[in-house]
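Walk me through this protein model, step by step.

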Amino acid sequence: DSPTSRSNVLWVSGEEGTGKTTISSSVVALLNSTEFGGVIPNAHFFISKGVNDDPRLIWRTIAYQLALSSPDYRRALSESGVLAMELRDLGVGEQFEGLVKQPLSRLNIPIAVIIDALDDCRYDTHKDLLKTVGYWKSLPSSCRLIVASQPNADIATALDDTYRIDLKSDEDTTEDIRFIFTVTFDAIKRRENWEGWPEDREIDE
């Protein structure tokens with residue numbers, strides 16, 4: 001689908017077995033490689049049905065990982081006062097507002113977040129999570145979110161007007177991984193005026 005020019009969310013959509021988790025894992029590995037590690041704060045959450053599918057875990061985990069990778073984010077989170085609250089008692093929307101939206105909106109720093117198997121989150125509260133995923137579009141363009149899931153009408157509604165890749169079972173995922181990585185870094189390169197970074201050769205490797 002044609003993305004809007006200001007979209008900071010990428011939805012990787014495909015049926016089971018089309019390589020979504022492989023792509024998500026590859027992007028996480030690239031973000032944490034020796035070439036790019038420490039440059040862009042990043043976090044990820046891989047949902048597994050019946051194991052860690054409680055939506056209330058997702059933004060808490062992502063906030064923890066971002067705090068480890070970004071001193072600026074960690075400082076903003078500490079100053080916000082949200083950590084003085086009992087996070088387990090907060091709803092998904094309240095967690096997103098306090099742990100993600102408020103600190104990132106203040107900092108406007110480049111980050112990348114990957115959520116895999118979004119469709120596997122627990123059904124009783126999945127709509128609350130989808131609302132927050134949709135709210136990501138209101139964050140600064142330097143904050144990039146990559147979501148992978150099977151095709152789902154509720155997810156499609158939440159991620160309207162975003163980048164989207166539809167995977168097929170017979171497709172080679174190499175070019176999709178390359179495209180996702182390029183999209184993730186595109187706005188950051190423009191914002192930081194890093195021409196030619198990362199180089200095509202480094203992405204291919």
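Start with one term: a residue is buried when its relative accessible area is under 20%, exposed when it is over 50%, and partly exposed in between, using a 1.4 Å probe and protein chains only. This is a predicted model, where local features need pLDDT of at least 70, side-chain atom pairs count only at pLDDT 80 or more, and totals for chains, interfaces and linings use all residues. Residues are numbered from 1 along each chain as its sequence is written, and side-chain values use heavy atoms, with hydrogens and water left out.

How confident is the predictor? The term pLDDT is its confidence in each residue, from 0 to 100. The protein chain averages 82, and 76% of the residues score at least 70. Over residues 1-5, the pLDDT is below 50. That stretch has six contacts in the model beyond near neighbours in sequence, where a contact means heavy atoms within 4.5 Å. Where pLDDT is low, the predicted coordinates should not be read in detail.

Now look at helix H4. Helices (H or I, at least four residues) and strands (E, at least two) are DSSP runs, numbered from the N terminus. H4 covers residues 92-107, 16 residues in total. From first C-alpha to last, H4 reaches 22 Å, close to the 22 Å expected at 1.5 Å a residue. The expected span is 1.5 Å times one less than the number of residues.

Where does H4 kink? The kink, of about 30°, lies at Lys-101, shortly before the proline Pro-103. The bend at a residue is the angle between two fitted axes, one for the seven residues ending there and one for the seven starting there. Just after H4, Asn-108 takes a positive phi of about 55°.

Which residues of H4 are buried? They are Val-92, Gln-95, Phe-96, Gly-98, Leu-99, Val-100, Pro-103 and Leu-104. These buried residues pack against helices H2 (55-69), H3 (71-80) and H5 (126-135), and against strands S3 (111-116) and S4 (143-149).

Next come the aromatic rings. Rings of Phe, Tyr and Trp (its six-membered ring) pair if their centres lie within 6.5 Å; planes under 30 degrees apart count as stacked, over 60 as edge-to-face and the rest as tilted. By this rule there are three aromatic pairs. One of them joins Trp-59 and Trp-136, stacked at 6.0 Å centre to centre with 15° between the planes. Trp-59 lies in helix H2 and Trp-136 in the loop between H5 and S4, so the pair ties together parts that are 77 residues apart in sequence. Trp-59 is buried at 0% relative accessibility. Trp-136 is buried too, with a relative accessible area of 0%.

Phe-96 and Tyr-135 form a tilted pair, 6.4 Å centre to centre and 45° between the planes. This pair links helix H4 to helix H5, 39 residues apart. Phe-96 is buried at 1%, whereas Tyr-135 is partly exposed at 44%. Ring pairs link Trp-59, Phe-96, Tyr-135 and Trp-136 into a cluster.

Finally, find Asn-8, in the segment before strand S1 (9-13). Is Asn-8 buried or exposed? Asn-8 is buried, with a relative accessible area of 2%. Among the residues that Asn-8 touches are Trp-136, Lys-137 and Leu-145, not counting residues up to four places away in sequence.

Definitions and conventions. pLDDT is the predictor's confidence in each residue, from 0 to 100.
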